[in-house]
Amino acid sequence: MSETLSFPPLMSGEAVTGDALAAACARAAEGCDAGLICYRLDGAEIEAALVFAPEVPLARAVAMLPLCGVGFQNALGALSPPEVAVQLDWDGGIRLNGASCGRFRMAASTNDAQAVPDWLVVGFTLPLYPADDPEMTRTGLTPDQTALYAEGCAEVQPPALVESWARHSLHWINRWEDLGPKALHSEWRGLVFNLDTQVTVQGQSSRFIGVDEDFGMLLRDGETTRLIPLTTLMEPAP
């Protein structure tokens, strides 16, 4: 799909043919301006990735992962039927009506949590329909996995979704810069999946009780609370 998308001021778009996250990382390493969104809208899934130029250490900058997730939830929530529940996993997963439907990923110029990265990229992949079942004739066989159009969202157009994601994410970036993380924490907490339940993370089952100020996962097992920093989700830069 070669359609040119429209983005808010301080953002720009670039259509790509391969992995949008990898393309955005490459453009960031070349020195592109922050606010570039690389996107791919052809095929069975949508991909989009946003370039950031953080001014804080990576340990704090990774808050852009849940921030972009909240922007996505706001965007899809505005475009989809009201009965469609859009939620977020702590590790970047996207949930539609409780089932897994794509995910967010991130990469940066450094994996040193205390260093200020030259750039950070956050991107998502969202399946429109199952790649092995484009006619969706076998829905219900994998209840824990779904796709956008299998959840009653056939009217959601990929270009409009990416444009809306950009606008809503920019709104949350401005709030985060002006007001700090409190508002983002409050919004995210209302959207996160499996909060206050037993979850299995890194091979251990514990109760997911919340996050710290940098969105690190807090797990409680009896009287013991442990932290999994959000930086553990970083992918190697392509």
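Me: By class, how many nonpolar, polar and charged residues does the lining of the largest cavity have?

Reply: Rolling a probe the size of a water molecule over the atoms shows where empty space is left. On a 1 Å grid over the protein atoms alone, a cavity is a set of points where a 1.4 Å probe fits but cannot get out, and lining residues have an atom within 4 Å of a point. Here the lining of the largest cavity has 6 nonpolar, 3 polar and 1 charged residues. Ala, Val, Leu, Ile, Met, Phe, Trp, Tyr, Cys and Pro count as nonpolar, Asp, Glu, Lys and Arg as charged, and the others, Gly among them, as polar. The model is predicted, so local features need pLDDT of at least 70 and side-chain atom pairs pLDDT 80 or more, while totals for chains, interfaces and linings use all residues. Residues are numbered from 1 along each chain as its sequence is written, and side-chain values use heavy atoms, without hydrogens and water.

Me: What volume does the largest cavity have, and which element gives the most to its lining?

Reply: Its volume is about 60 Å³, meaning the space filled by probe spheres set on grid points joined across faces, edges and corners. Helix α3 gives the most to the lining, with 3 residues. Among the lining residues are Leu65, Phe104 and Trp188. Helices (H or I, at least four residues) and strands (E, at least two) are DSSP runs, numbered from the N terminus.

Me: Which strands does β9 pair with?

Reply: Two strands pair if DSSP finds at least two bridges between them. Strand β8 (residues 198-201) is joined to β9 by 4 bridges, antiparallel, and Gln198 stands opposite Arg207. Strand β10 (residues 217-221) also pairs with β9 in the antiparallel sense, over 4 bridges; Val211 has Met217 as its bridge partner.

Me: Which residues take a positive phi in the two hairpins?

Reply: In the hairpin of β8 and β9, with 2 residues between the strands, Gln202 has a positive phi near 55°. In the hairpin of β9 and β10, with 5 residues between the strands, Phe215 has one near 65°.

Notes
On a 1 Å grid over the protein atoms alone, a cavity is a set of points where a 1.4 Å probe fits but cannot get out, and a pocket is an open set with protein on both sides within 12 Å along at least five of seven lines; lining residues have an atom within 4 Å of a point.
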